[in-house]
Amino acid sequence: MAGEGGQGAGVEIVSENRCFGGIQGVYRHVSAATGCDMTFAVYQPPQAETRPVPVLWYLSGLTCTHENAMTKGGFQEHAARHGIALVFPDTSPRGEGIADDDSYDLGQGAGFYVNATQAPWAPHFRMYDYIVTELRETVNARFPVTAAQGITGHSMGGHGALTIALKNPDIYYTLSAFAPISNPTQSDWGRRQFGAYLGDDETAWREYDASILLEERGWKGEILVDQGGADQFLDLLRPEALASAIGRRRQAAVLRIHPGYDHSYFFMSTFASDHVAWHAERLGGARG
């Protein structure tokens, strides 16, 4: 089901398994953006055997790899039903010689989808470029997908999905998020990391803050955001800042707060079907 050539020619197959009539694969390649081997996962639905299909990118949160949402999210059944491919990237560069930190929310597993400018992070922590350009070009060349692509993510990955899409509306047709870090310039899940990765000049941080970007730039379509009302990290996520930006921009958006749901994959998997269907309906009408 996978194609060869171009940017995708250097992709190594780690594993491929039949899943809901399609193929759940894990792949490895050498990344120029991060300067190390990177692992990512792609689900090809059964429809991809006969035609190129739209793509939904899923960006994971702190401490995750490509594997967490791939195995816990339950996305594949819904993707197979709607004929949409899934891409699950890693959350940071990894390996020997890659800068790291003892805390879980900085360093390996915590790339925050930024291009780091500060030592010791700058040589490898270029996850923005990796996702937006290098991995996208690799997936486009290696797999039977169309240019109709959407993006979503959870927590740190929700932050990544929002900021990446808001800055690249020509690339991404659809946008959603699960419990995103919505206002990192005003949160301990953001200020510490941005200071480390981007330096002390807080004006540089604004380019990676979804609430600021949304109010300044807006989004070309509707945005879907789901948030657990009993999320133990609500004070760090700051959904109220995103809601305020939506209101001030008068942005078309659906922001749903679900009473009793926390920050876990149990929450995320509960609403995975809604997000896949929401993207598939809109991507189906996009030109491939």
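A residue is called buried under 20% relative accessible area, exposed over 50%, and partly exposed in between, using a 1.4 Å probe and protein chains only. By that scale Arg81 is partly exposed, with a relative accessible area of 48%.

The structure is a predicted model, in which local features need pLDDT of at least 70 and side-chain atom pairs count only at pLDDT 80 or more, while totals for chains, interfaces and linings use all residues. Residues are numbered from 1 along each chain as its sequence is written, and side-chain values use heavy atoms, with hydrogens and water left out.

A salt bridge is a side-chain nitrogen of Lys or Arg within 4 Å of a carboxyl oxygen of Asp or Glu. The whole structure holds 16 salt bridges. In one of them, Arg81 pairs with Glu77, with the closest N and O atoms 4.0 Å apart. Both residues sit in helix 2 (residues 75-82), and because they are 4 residues apart there, about one helical turn separates them. Glu77 is partly exposed at 39% relative accessibility. Helices (H or I, at least four residues) and strands (E, at least two) are DSSP runs, numbered from the N terminus.

Arg282 and Glu222 form a salt bridge with a closest N to O distance of 3.2 Å. Arg282 lies in helix 10 (residues 272-283), and Glu222 in the loop between helix 6 (210-217) and strand 8 (223-228), 60 residues apart. Arg282 is partly exposed at 31%, as is Glu222 at 30%.

Arg256 bridges to Asp274, the closest N and O atoms being 3.0 Å apart. This pair joins strand 9 (residues 253-258), which holds Arg256, to helix 10, which holds Asp274.
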